[in-house]
Protein chains: 4
Amino acid sequence: MTKGKKRGPKYDKIIDAAVKVIAEHGYHQAQVSKIAKAAGVADGTIYLYFKNKEDLLISLFQKKMGSFIEKTEMEILLQKSPDEMLLSLIQMHFKQLSEDYDLAIVTQLELRQTNKQLRAKIGDVLKRYLALVDSILQKGKESSVFDESLDIRLARQMIFGTLDETVTNWVMNDHKFDLVALAKPIHRLLINGLSNK
Amino acid sequence: MTKGKKRGPKYDKIIDAAVKVIAEHGYHQAQVSKIAKAAGVADGTIYLYFKNKEDLLISLFQKKMGSFIEKTEMEILLQKSPDEMLLSLIQMHFKQLSEDYDLAIVTQLELRQTNKQLRAKIGDVLKRYLALVDSILQKGKESSVFDESLDIRLARQMIFGTLDETVTNWVMNDHKFDLVALAKPIHRLLINGLSNK
Amino acid sequence: MTKGKKRGPKYDKIIDAAVKVIAEHGYHQAQVSKIAKAAGVADGTIYLYFKNKEDLLISLFQKKMGSFIEKTEMEILLQKSPDEMLLSLIQMHFKQLSEDYDLAIVTQLELRQTNKQLRAKIGDVLKRYLALVDSILQKGKESSVFDESLDIRLARQMIFGTLDETVTNWVMNDHKFDLVALAKPIHRLLINGLSNK
Amino acid sequence: MTKGKKRGPKYDKIIDAAVKVIAEHGYHQAQVSKIAKAAGVADGTIYLYFKNKEDLLISLFQKKMGSFIEKTEMEILLQKSPDEMLLSLIQMHFKQLSEDYDLAIVTQLELRQTNKQLRAKIGDVLKRYLALVDSILQKGKESSVFDESLDIRLARQMIFGTLDETVTNWVMNDHKFDLVALAKPIHRLLINGLSNK
DNA sequence: TATGAATGAGTTTTCATTCAT
DNA sequence: CATGAATGAAAACTCATTCAT
C-alpha cells in the first residue's frame, strides 16, 4: 500500500481507466489528464489516491497481477501432480490474459516502456509469481517427476521466458490465434524438451 | 540505409558513443547532445549521418545485431549436429553479450523503453535471428535429433524466451554470475525438458 | 474560436503582451517565453488559451482587427453620403492606428513577415474590411456620387492600397508626421484623381 | 556592389536559382544549400559571390528591380505627356511582372517575410522607382495636366499602393486574370478618381 | 474529498556560415 | 576559384504535479 487510503470506488475506477487508456493510446500517450477524464474524475483527484503517476502504474500492476496470481494459486491447489500443476499454471496464464486483452497489451507491451526504476518494482510483484513456479518445480524434483538435478532458477527462467515470449507474440499478432490452445503443446514441450524420446 | 552516407569513421564513433551513453545514463537521459559530446562531434554532425534520433537508435541496433547474428551464423556453420548447433547458438548468444556489457544493457533494458514504432523496427532485425533458430530446429526435426512433431514456432519461442529471460536476469543482477557457464545446462534443459528421464 | 475557452482576463493579457513584445522586439525576437513573461503568466499558460503560437498571432489579429472594423462600421453608419462614408473610413483607419502605434507596427510591418499560411488567415479577417469598402463604393455608384462604370474591385484595391501604403510609410518614418491630418487630402485625391479639373 | 567581384556566369546563375527556389518553395524553405544545388554550385561557392544570405537577397532584388526600372524608364522616355507616361509606367509594371511569375511571387509575397533590416534595404532600391513616379507627377503638375496643388508624396503613395496591391492580388489569385488588361482602367481610375465627372 | 487552472523545466532539430583541402 | 563536411546556437511545446477554492 503506497498510501494509507486505497479502496473506495474511485480507486478502482482510476486503475481501470488507466488500463483502458494505456491499452488504447499507448504508454506515452496515456497522460494523467486523459486517465482522469476516462475515470470521470478531476486530474487532482488522482493524487488523492496515488502518490504520483508511477505509483498509479505500480498499483495497477500490483492489483491486476495480485488477482492474477491468486487465481492461479487457487487453481494449482486443486491439482495433484507437479506435472498437472505446471499445466494448470500455463493454462491460467494464457486464459487470464486472453480474457483481458487490454491488460495483456499493458503488461506485455506498454508497461515495459517505463524506466528501470518502475520496472524494478514491477519485478518485485512478479517475484511472488516466480516463487509459485519455483514451488511447483521443487515439488516436481522432490517427487522425482522432474529431473532431480534440475537447476530451479534456470528452469524457472525457461518456463517464464517461454510463457512471456508466447503471450507477447500473441499480443503483437493482434491476438489472432487461440492462445489457450497452446497451453498443452507448450506444457509438453517444457516437460520433454526438444529431443526425440 | 536511411541516408546515402553511412560509414565513415564518424558513423561508427557516434553509434559507439550512443551505446556507451545509453548504458551509462539510461535511455531517457541519453540526449543527442550528450551522445555528440561523447562521440567528439557537434550536435549537428549526428544529423549528417542519421535522419533523426530514432534513426540513430535503429541503426545502432541493426549494426550491433547484424554483427551479432553474423558471428553466430558463422559459428553454427562449423557444427555438425543440430544439437551442437543449438549449443553453439546459446554459447554465442551469452558470449557476445557477456563481452559487451554496455550493449547488453542497451538491448535488454534500455531499448525496450522505446515506443512501439521503434520496437517494431527492432523486431524486424530480430527476425533474421529467429530464422536462424528455426533453421536449426528444422534440421533437428529432419534428422530426427529433435522431436519430429515439434511445433517450430513454439520451440523457437521457448528457446528465444529462455535465452532472453536469462540474459535480462544476468543484466539486472549486475552481471554477477558467469553467463557463459549457463550455456550448457540451459542447452541440456531445452533438449531434455523438465522431466526425469 | 480555436479553443473552447478564450476570454477570461488572461486571454486579453496575453494578446496585449504579444502586441507589445512584437512591436518592441520584432516578430522574430518575440519568443513565447518573452510574451509569457510580459503577460505575467507561465509559458505553459499560453497553451491553455491558444493552440500554438500561430493561433495566438491569428487570434491577436482577429481581436484587434475585429474591434477596428466594428468601430469603423459604426462610424460609417452615422454618415449620409458615400463621399462622407469614405472620408469617415479613411479617418477611422488613420485614427485607430495613430492611437495604437504598437498595433500599427505589428500589423504594418511585423505580421507580414509570417509565412503564407498565417498571412492567408490574416487575409480572411481583412475580407470583412474590404467588404465594407465595397459597400461604400456600391452605394456611391448607385447614388451616382461615384462613377457609375466604376470597377469595384479595382477601386477597392486603389483605396486599400493607398491607405495601407500611407500607414506603412508613416510607421517606417517613426510616425513623425500627423497621419490623421492626411485623411482629407487623401480622400480628395481618391475622389478626384490626379487630373486637373 | 556589396563585393568587389560580382559578375561572372555563376553570379547570375545563383541569383536566378534563388528566384526559382524561393518562388517554388517559399522564403522559409529556401535554404542556402537548396539554392546552391539549384545553381549547380557548392554551398561555399555562394559565399565567394555574396557576403551572406541577406546580401544574396538584396543583390537579387537590386539586379531584378534595376532591370525592371531601367526598362520602365526607357519606355517612359518615349512618351510625350505625363498622362501617357503614367499609363506607360503602369503597363510596364504589370507587363514585366506578368512575364516573370516567379519574380512576382518573390517580390510580392516571399521577400516581404524578411526582417525589417532587409526590407529597409529593399526600400532603398525602390526609391529610384518612386523617384521615377515623382518625376512624372512633377511634370504633370508643371504642365497642368495634373492638379497643380497635388501633394506629390501622397499621389505617389496612391499610385504605388494601388499598383502593388493589384499585383499582389493577382499573384495571390494564382495569376488567373489578365494583369496587363487592367493597366488602362487603373490608369483612368488614378487620373479621374472615384467621382462621377 | 474534489476540482482544474496554472506552473515551468527540459530537448530535438535546422541551417547559415566556415575553412581545410 | 571551388568544394562540402562540420559546426553549434536557438526556441516551441508538453505534461506531471500543485494548491486555492
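Predicted model: local features only at pLDDT ≥ 70, side-chain atom pairs only at ≥ 80, totals over all residues.
Tutor: Local features here need pLDDT of at least 70, side-chain atom pairs count only at pLDDT 80 or more, and totals for chains, interfaces and linings use all residues. Residues are numbered from 1 along each chain as its sequence is written, chains are lettered from A and ligands numbered from 1 in the order in which they are written, and side-chain values use heavy atoms, with hydrogens and water left out.

Student: Which part of DNA strand F supplies the atoms within 4 Å of the protein, sugar or phosphate, or bases?

Tutor: Sugar or phosphate accounts for 72% of those atoms, and bases for the rest.

Student: Why is the approach of B:Lys10 to a phosphate oxygen called a polar contact?

Tutor: A polar contact is a pair of N or O atoms within 3.5 Å; within protein, one must be able to donate a hydrogen and the other to accept it, and residues adjacent in sequence count only if both atoms are side-chain atoms. An N or O atom in the side chain of B:Lys10 is 3.0 Å from a phosphate oxygen of DNA strand F. That pair therefore meets the cut-off. D:Tyr49 also uses its side chain, at 2.8 Å from a phosphate oxygen. B:Ala42 uses a polar backbone atom, at 3.0 Å.

Student: Which element gives the largest share of the surface near DNA strand F?

Tutor: H3(D), with five residues. Helices (H or I, at least four residues) and strands (E, at least two) are DSSP runs, numbered from the N terminus.

Student: How do you know that C:Asp147 and D:Arg188 form a salt bridge?

Tutor: The definition asks for a side-chain nitrogen of Lys or Arg within 4 Å of a carboxyl oxygen of Asp or Glu. Here the N to O distance is 3.0 Å, so the pair qualifies. Chain C and chain D have two salt bridges between them. They also have 20 residue pairs in polar contact, both residues at pLDDT 80 or more.

Student: What is the buried area between chain C and chain D?

Tutor: About 3700 Å², 59% of it on carbon and sulfur atoms. Buried area is the accessible area (1.4 Å probe) that two parts lose on being put together, summed over both. C:Gln157, C:Met158 and C:Leu194 supply 19% of the area that chain C buries against chain D, more than any other three residues.

Student: How many residues of chain B and chain A are in contact?

Tutor: 44 residues of chain B touch 45 of chain A, where contact means heavy atoms within 4.5 Å. A:Asp147 and B:Arg188 form a salt bridge, with the closest N and O atoms 3.0 Å apart.

Student: Why is helix H6 of chain D called largely enclosed?

Tutor: Buried means under 20% relative accessible area, exposed over 50%, partly exposed in between (1.4 Å probe, protein chains only). Six of the eight residues of H6(D), residues 101-108, are buried, so the rest of the structure largely encloses this helix. The six are D:Leu103, D:Ala104, D:Ile105, D:Val106, D:Thr107 and D:Gln108. They pack against helices H1 (9-25), H4 (53-77), H5 (82-99) and H8 (152-172) of chain D.

Key:
Near = heavy atom within 4 Å.
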